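Subject: Structure handover

Hello,

Here is the structure for your set-up work. My notes on the side-chain contacts follow below it.

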Amino acid sequence: KYTASPMAAVGKQLLRWVLDALIGRLKSAEDGGDREAAAAEGGAKASAEAGASSLQSPKKGAVERPESEAARLALQNAAASLPSLLAWGRYREAHEELTMVRRMGDQISDLLQVEPEDLRSLLLTPLALLPQLPAESSEQTLLAFDATTLSAWLAAEAVKQNSLWDRFKPLLKELIAAMSAAWFFTPGLAAQVLDNNRFVLRFAAVLLDAPDPDIDHEVLLSLAFCCINAPDSDKSIMASRYFSIDVIWAFADTAPPPEKSFFGSYLPSSSSSSSSSAVPSAAAKPSSSSDPFSAPHTLPLPIVASRAASEALAYKLLLECKAPLHSEPGRLALNAALTLVTAWESKFEGDQAVADVWVSAILALLPQIYPGSDACLPAAILAAFFLPRSSWLRTKRLGSKTDDGVVSWELQPLWQWFQNLLRQPHSNTRPELVLRGYVASALGPRLIAAASASASPASSTSPSSSWSSASPVVLARLREELSLRVIDASATLVCNVVLPITIFEMSTMELQQHFYSPESQCVVAAASCLARSLHLLSEKERVARFIDPLTALCQRWADRWDCLGPAQGMRQVTGQAAGILHRFGTTLMLFVASILREVPEWSLFSQRELLQLMKCLASIDHFREVADAEHTALCTQIAEMGAKDPGFVTALFAMLQQASKRIPAIGSGERPPQAALRSLHFLLGMVAVEDIVKSADFFRNVWPVILDAFGRSSEGPAWEQEATFLAARAHALACVAYKSSSDERPTPTKVVEDHLTAGIEALRAAPDQQATRSFAAAIAAACRDFATRRESSGLSTLDVEAAKALSDFALDRLSEAIWSCLQQHDDDGDAAAVDDAAAEGLFEVFIAVARFHDASGLTEVLYDRCRLGWMLQKHEPLRKKWLGSLIGDFAETTRLPLLRRLLDEHPEVAGALGPDPEGDGRRGALAWLGLLRAAL
């Protein structure tokens, strides 16, 4: 009558609140403290509010977090009432009690404070009752699910902390025993749908990873095995919604060898047989009168050893993976197989025994899996994963002794399957593209090597086959065709499935699912396959089928990110979606870089192809998250190789100019295109190679781009960070150009004057420390070059005068800019900080020019014409910079008169660089020695 009432749930919840409050008050009264009573009352109130919210929104459960005391009281009440409810056959109410506890999972820290006895009553009681309930009844299913859910939760929390593990380990051992007894002796529990047993698998997986010798791993393995491979069960593992990777891996990684097993007499005879044995059958169950946990070394349980379990699992999964891809079971099996191999790849430690088991199972079942018609079957994923990791390619091969390994004739049917899979006509559906791409990425170079080695002399002793009897011309054609198929499949997987441009139209949830999909983890393998296979095609085929499409894809990614070109007007992405897209862009950048890094020899590619790959890297350099010295060295080495070819240099200059044109014109008011700016920044670094800088057309092609980069600083605050970042790179390139100057190819004076003018304006618009250092170093390099020319006896009088004029021009322009900044400081107090920073930055460049000026009459030039005395009087930080530079950087002949002038006008600066008690004193000692020399 109670359960039939529509208001039963509401009435029961109200009664629970009242009881919680009463119990809390009674406990507080016994302790004699008012504070505990108040806490209990508050906890009861919070529990009532949480319950009311739960009634309003039953799918979300409790929204407000109850107090710790109320949570513990609720769990203690459930533990106290559950045995009596089960004893009286009130299973539905017992299920509601357990469901209430399950919904308290977000209060983990509170629930872990209860005594193990309460959890023991809550978990062991229903587990012990399960064999007595009607088979496959709703009561049995619900109670089993509730108990295993809470048990898996307790195990997952206990393994995180040593204190919790020590506290709950006895209870967990009892749960292992109770759960094993229930599932071994109750066929209905083991044979139910795998999703209902997902927490049994999770419980076993968590405890199998626990490094505690007291945990019986073999019992856990058997528990998981009976759920996965129960007799008379047609359930599908691959189609399970909650596909458990951890437990499946445990069969191959955790169990001890069969000879160390305590259960040898209960194992099927195939447990220690060869890897090609049949699926082991379940052993007979012991009588129910025996105590299954009385003698741990003689358990009469159907335990299966590691090798036999691996064989059984391999057979079962392979047979599930023979469904064609156009069917729903085939698509589910494909996704599960990819998930399986992705998880295994992260755990695989080179143990060939497991891989040999799977390869043997694949060969044994090959006539059933692949009868010779449709080769696009999910089982190919498992075969392609395990074959390279097995000993078959190392110990049973014939023919050439290459690293790729020439397969033995025992594996010829398997190789023929893979070749047919890549060669047969296919649709452009996503499942087929993923399957072909994975097989090509995993086995492509080995497939090509196997086809090539069939013509070797060693293969003449092999059994007769179509391969051995084929002529060398046919084999060469087969190799070329296979190479083409492999490259197409691998490139399609990355460019059309994992990283298509349509990814920008996905929602945030779709992006998350795609990022964590198993096919997205295959990019590295595809890059390795392409790097080892591209050279087998002709240059025309490589460019048409891979390099040109990849270049276009990278450029579209950059345009779409900046909302330029064909992507203009498309929806904007921000927040979490933008972060995921940036990670995909990083994946694309690493894909291209990995191909370049793993290519056997760059000489296999033409200069045009290397230039196109560099263009790809330039387009997506924005997605490079960290400065990688190896990546920089790789790109620089490509530029150095290409610099010997005039055509390469000309094409690189054209690429640089094109990248500069992609940035909006100065004053357009558009937002800064981050990807385009990073592309230009990347290319400015690539042309900083000595052979390229010394080319005759360098200044004509590159200098307008450098000056345009300086002008970006006037675009406003939105451009400030990107503009200063680009300006620092442009200054660095100019410095390399000045240092590469020679008598045969001197730096034109007009070039330095334009650089100085543009750099001053950029620094005044956006002062930046990094840009200032780069600007000062570049101008110092130019002045050093002109000073060398000024002092050279081999130059004409006209050249010497031009060198002196440049130095005077630089000092005049810099002093005017500094004077303007300091004067504007007085006129506009709001911009004082910017003006001060600009003045200090320009003064560093002023010092760099003064160091290389003609020493004769330098003091008069600086103080009379450049108004240095006024600058030092106006802004105190300039005095410290001037003193430090005089002592550390200036030549002896110019240092002393300038130091005397500084000390006469500003004697207080003498202690500016004095010994620092917190430092090492070396800088201060140098300062004082310099001052002493000046005084003498």
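I began with F843. This is a predicted model, and in it F843 has a relative accessibility of 0%, so F843 counts as buried. F846 also counts as buried, at 0% relative accessibility. Both residues belong to helix α36 (residues 832–851), where they are three residues apart, about one turn of the helix.

Aromatic pairs

The structure holds 20 aromatic pairs. F843 and F846 make a stacked one, with 5.8 Å centre to centre and 20° between the planes. F843 also pairs with W882: the ring centres are 6.2 Å apart and the planes stand at 65°, and over 60 degrees counts as edge-to-face, so this pair is edge-to-face. W882 lies in helix α39 (residues 876–888) and F843 in helix α36, so the contact ties together parts that are 39 residues apart in sequence. W882 is buried too, at 0% relative accessibility.

Elsewhere, F653, F698, F699, W703 and Y738 form one aromatic cluster. Helix α31 (residues 698–711) has 14 residues, which at 1.5 Å a residue should span 20 Å; the end C-alpha atoms are 20 Å apart, so the two agree. The buried residues of α31 include F698, F699 and W703, along with N701, V702, V705, I706, A709 and F710.

One charge-over-ring contact is also listed here: the charged end of R901 sits over the ring of Y863, 4.0 Å from the ring centre.

Salt bridges

There are 22 salt bridges in the structure. Two of them share R865. The side chain of R865 meets that of D808 at 3.1 Å, N to O. This pair links distant parts of the chain, with R865 in helix α37 (residues 858–865) and D808 in helix α35 (residues 797–827), 57 residues apart. R865 also forms a salt bridge with D812, at 3.2 Å, N to O. D812 lies in helix α35 as well, so this bridge ties α35 to α37 across 53 residues of sequence. Relative accessible areas are 40% for R865 and 25% for D812, and D808 has 23% relative accessibility; R865, D812 and D808 are partly exposed.

Within helix α6 (residues 116–129), E117 and R120 are three residues apart, about one turn of the helix. Their side chains meet in a salt bridge of 2.7 Å, N to O. E117 is exposed, with a relative accessible area of 53%, whereas R120 is buried at 18%. E174 joins E117 and R120 in a network of salt bridges.

Regards

Notes: Residues numbered from 1 in each chain as written. Predicted model: local features only at pLDDT ≥ 70, side-chain atom pairs only at ≥ 80, totals over all residues. Heavy atoms only, no water. Helix = DSSP H or I, 4+ residues; strand = E, 2+ residues; numbered from the N terminus. Expected span 1.5 Å × (residues − 1). Buried < 20%, exposed > 50% of the residue type's maximum accessible area, 1.4 Å probe, protein only. Phe/Tyr/Trp six-rings, centres within 6.5 Å; stacked < 30°, edge-to-face > 60°. Lys NZ or Arg CZ within 6 Å of the ring centre and 35° of its normal. Salt bridge = Lys/Arg side-chain N within 4 Å of Asp/Glu carboxyl O.
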